Amino acid sequence: MSTKKKFELSNLDYNNAGAWPDGVKFTACGLLVVIIALAFYYFFIKDRLDELAGLESQEASLKVTFEDKQGRAANLEPLKIQLAQMEEMLQQMMRQLPGKTEMPDLIVDVSQTALATGIVNELFQPGPEVPQEFYAEKPIQLRMVGTYHQFGSFMSGVASLPRVVILTMHDISLKPTVRTGKVAADGSLTLEGTVKTYRYLDEDELAAQQGNTVAGNGAAAPAASGAASTSTPAPAASPAGGH
């Protein structure tokens, strides 16, 4: 039977397809249709499908971006109102801090409050102010001797001053007081280190500070180029003196 099938296929006249048996005609037509369909898909449809998939992915991404920006736009006005309220609250809080003219009296009040509670001020030395963005900080080196309850009364007294007094502690140590090499028998403590208090900058100081910042930025580039072209040896550091 396989010999007969081989014989029939080998005896087909490719120049006269109309004479082929019906089964062969149907098979050939089916194969031709499949080949044409595959070629059409590969050369025309496949690229379109890939392009369509890319566009659908881009559409989904753009939709997410649009919804995100739409949500932000809807909340923009409430956020602006909230920001204005926060700025107003900040200004009110800043106005509760002492001003430039009040700072010397405030430092005296803090020192007097310590003395009123029985604390001994062995050192109370204000340092130069350090301007910040919208306030100035005043470091104070101190060394105080008192009991635990006296220090508590001191902090309570500072908190009750008319102006808002913010004291932040830096490199502070609180240790038992040592006298003549021995711990004091009265149970006193020694508070030593640096505290910082703060005041607000008035409008003139803020304007001057902004002007100095702009001028400094403008002079930075010429100064940098000059430093690159010349080099001046630095003077030798002198030994620091002890207190």
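Helices (H or I, at least four residues) and strands (E, at least two) are taken as DSSP runs, numbered from the N terminus. The structure is a predicted model, in which local features need pLDDT of at least 70 and side-chain atom pairs count only at pLDDT 80 or more, while totals for chains, interfaces and linings use all residues. Residues are numbered from 1 along each chain as its sequence is written, and side-chain values use heavy atoms, with hydrogens and water left out.

The average pLDDT (the predictor's confidence in each residue, from 0 to 100) is 76 for the chain, and 76% of the residues score at least 70. Among the elements, the lowest mean pLDDT, 49, belongs to helix α1 (residues 2-10), and the highest, 89, to strand β1 (residues 120-126). Over residues 1-7 the pLDDT is below 50, and this stretch has zero contacts (heavy atoms within 4.5 Å) beyond near neighbours in sequence.

Two cavities of 30 Å³ or more were found. A cavity is a set of points, on a 1 Å grid over the protein atoms alone, where a 1.4 Å probe fits but cannot get out; lining residues have an atom within 4 Å of a point. The volume is the space filled by probe spheres set on the points, which are joined across faces, edges and corners.

The largest cavity holds about 70 Å³ of space. Its lining includes Phe124, Met144, Phe154 and Leu191.

The second largest cavity, of about 30 Å³, is lined by Leu106, Ile107, Val110, Ile140, Leu167 and Thr197. Helix α3 (residues 103-116) gives the most to this lining, with three residues.

Conventions: On a 1 Å grid over the protein atoms alone, a cavity is a set of points where a 1.4 Å probe fits but cannot get out, and a pocket is an open set with protein on both sides within 12 Å along at least five of seven lines; lining residues have an atom within 4 Å of a point.
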